[in-house]
Amino acid sequence: MELTIKNLTKQYNTVTALNQFSYTFSNGVYGILGTNGAGKSTLMNLITDIIKRDSGEILYNGKDILTLGSKFRKIVGYMPQSQGMYESFTANRFLFYMASLKGMKQQEAKKQIDELLHIVGLYEKRNDRLKGFSGGMKQRIFLAQALLGNPEILILDEPTAGLDPKERINIRNYISKIAQNRLVLLATHVVTDIECIANQVLLMKNGCLVASDTPTNLIESIQGKVGEKLCTLEEIDRYQTEYGMGNIYQRSEGQVLRLVGDNLPKEFEPVTSGIGLEDVYLYYLEQHQ
């Protein structure tokens, strides 16, 4: 299975939301990182054929998805960043409704809905109305509907948006469980959503692909570009004004500022261990031009 993107471009009036984006995806979990407005949602909407591209190609196993039409849409499960729901529906009824839209037969739908409700931990709540669900429970229902029909390609746009830390962890764990033997695209600006489950990470900025690799290789790429120093609040403000955004940590000895970049202040101690994807994010998307 291979999803190939070639020189994909999309403009909204004078704004270029996606600029000559190219990449080839196969089985595995791909974390797509970027700030708001980086082009993540535009990419998701183009792959799912919700909006029209201006130029470029999207190929599934060598054939353009526009040519494949409904055959391609049938193998795609999509959890958009924001979506409405019929809150008077029960969880069960909502999923049956979505299954009917996907053309699933009733017997097949019932079996799969029961399985999915168990997977997302909501089987006991299947007859409860959605209006009484917490934000995390609603996200899990949206994830379940994306999985209806056992799609080969699963596209998740900001699946943990607006959730508390516990709910975010739960959603991450569910995604990890169901990601086997699928191509999963997970777009987010929350680094912790992908650092433990992504096989590959793509970093997007201003509609362009800035960097992509395994988490390990991306972390290795910024060795020698991370430094820390014990700072006063005044020093933190001064350093960040001059060198850009950094991370602030509270340690027993006081506040420590961690900076990431090519030219760090000489008084900052190099960090040789404990570097993570959050540092990668700051380097490629905040500091590195």
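**Exercise 1.** Work out the strand order and the edge strands of the open sheet of 4 strands.

*Solution.* Step 1: in this predicted model, the open sheet has the order β2-β1-β4-β5, with antiparallel pairing. Strands here are DSSP runs of E with at least two residues, and helices are runs of H or I with at least four, numbered from the N terminus. Two strands pair if DSSP finds at least two bridges between them.
Step 2: β2 (15-25) and β5 (63-64) each pair on one side only, so they are the edge strands.
Step 3: β4 (residues 55-60) and β5 run antiparallel and are joined by 2 bridges. Leu 59 stands opposite Asp 64 in β5.

Two conventions apply. Residues are numbered from 1 along each chain as its sequence is written. Local features need pLDDT of at least 70, side-chain atom pairs count only at pLDDT 80 or more, totals for chains, interfaces and linings use all residues, and side-chain values use heavy atoms, with hydrogens and water left out.

**Exercise 2.** State which strands helix α1 lies across, and its angle to β1.

*Solution.* Step 1: helix α1 (residues 40-47) lies across β1 (3-12), β2 and β4.
Step 2: α1 runs at about 120 degrees to β1; axes are lines fitted to C-alpha atoms, for helices over the stretch in contact (heavy atoms within 4.5 Å), and angles run from 0 to 180 degrees between N-to-C directions.

**Exercise 3.** Find which elements each supply at least two residues of the lining of the largest pocket, and which gives the most.

*Solution.* Step 1: the elements are α3 (70-73), β6 (76-79) and α4 (91-101).
Step 2: β6 gives the most, with 3 residues.
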